[in-house]
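Dear colleague,

Please find below the structure that I am handing over to you. My account of what was found in it comes after.

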Amino acid sequence: MFLLLRLIPFLAVILFLIAFGSAALAFLTYHRLTFEEPIAAVTFTKHGENEFEAYLVTNDDPEPTPYRIYGDQLEIQAHFIKLVPWANILGLDAHYQLDRLQGRYGDINLENTQKHVTYDLRDGHIFSVPGFFAEYNFLVDAEYGSATFTEIDTGFIYTVFHTQTGLLIRKERQETERVQEEDFWKKALRLIGLQ
């Protein structure tokens, strides 16, 4: 009986450690599989009916680059390499390379008949599974294109995120009508983690 009374606190500690470890592992798994990282920010000025100047800043190029786009929506595409989930849990992230930026029309008839321009966002090097993961192909789940699009509103800053499975865009309202350009770009750079 005395031995049993001495084992109860020890077993309680062991059970607590197992429960705590399980909860920590579940939290880590959730955190790693829902990982998001801001990679670009875009703002717009309107130049005419369905015509905008898009200003893009990225992690690779913090200087705002202007692109004239046509349509009422923004679309950004990327080449994407998705890793197996256990590689994400162990701390490795999916890889991407921004590929294209373009405007698009919500109305399919306008998309097929109106002016359209697509810009190449690649930096010139080839991005592929054999080149990128030559030694570690067992980590790769799939290689594919990922695209995201959203309606254009000049009153918002659009932040592009990469996740473990693709791209997504979130928007945040600008406080002022771009009264102070420097503050505006500081905010865009902050949104993508460069400041």
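Predicted model: local features only at pLDDT ≥ 70, side-chain atom pairs only at ≥ 80, totals over all residues.

Residues are numbered from 1 along each chain as its sequence is written, and side-chain values use heavy atoms, with hydrogens and water left out.

Overall make-up

The protein has five helices and nine strands. Both kinds of element are DSSP runs numbered from the N terminus (helices: H or I, at least four residues; strands: E, at least two). Read from the N terminus, their order is α-β-β-β-β-α-β-α-β-α-β-β-β-α. Of the 195 residues in the protein, 37% are buried; buried means under 20% relative accessible area, exposed over 50%, and partly exposed in between (1.4 Å probe, protein chains only). The protein exposes about 11700 Å², and carbon and sulfur atoms supply 59% of that area; accessible areas come from the Shrake-Rupley method with a 1.4 Å probe, and for residues only the protein chains shown count as cover. Among contacts between residues at least 6 apart in sequence, 59% join residues at least 24 apart, where contact means heavy atoms within 4.5 Å.

The two sheets

Two strands are taken to pair if DSSP finds at least two bridges between them.

Strand β5 (residues 95-104) pairs with β6 in the antiparallel sense over three bridges; the bridge partner of Arg100 in β6 is Asp120.

Nonpolar cores

A nonpolar core is a set of buried Ala, Val, Leu, Ile, Met, Phe, Trp, Tyr and Cys residues joined through side-chain atoms within 4.5 Å. The largest has 21 residues, and those with the most contacts inside it are Val42, Phe44, Ile69, Leu74, Ile76 and Leu101. At least two residues of this core come from each of β1 (36-48), β2 (51-58), β3 (65-70), β4 (73-83), β5, β8 (156-163) and β9. Strand β1 gives the most to this core, with four residues. Apart from it lies another core, of six residues, among them Ile81, Val84, Ala87 and Leu139.

Aromatic pairs

A search of the whole structure finds seven aromatic pairs. Rings of Phe, Tyr and Trp (its six-membered ring) pair if their centres lie within 6.5 Å; planes under 30 degrees apart count as stacked, over 60 as edge-to-face and the rest as tilted. The rings of Phe80 and Tyr144 have their centres 5.7 Å apart and their planes at 35°, so this pair is tilted. The pair links distant parts of the chain, with Phe80 in strand β4 and Tyr144 in strand β7, 64 residues apart. Phe80 is buried at a relative accessible area of 0%, whereas Tyr144, at 29%, counts as partly exposed. Phe156 and Tyr158 form another tilted pair, 6.4 Å centre to centre with 55° between the planes, and both residues are buried. Ring pairs link Phe44, Phe52, Phe156 and Tyr158 into a cluster.

His162 lies in strand β8 and counts as buried at 2% relative accessibility. Leaving aside neighbours within four places in sequence, His162 is in contact with residues including Phe35, Phe80, Tyr96 and Leu167.

Asn88, in helix α2 (residues 85-89), is buried with a relative accessible area of 2%.

Gln174 is found in the loop between β9 (167-173) and α5 (181-191) and is buried, with a relative accessible area of 9%.
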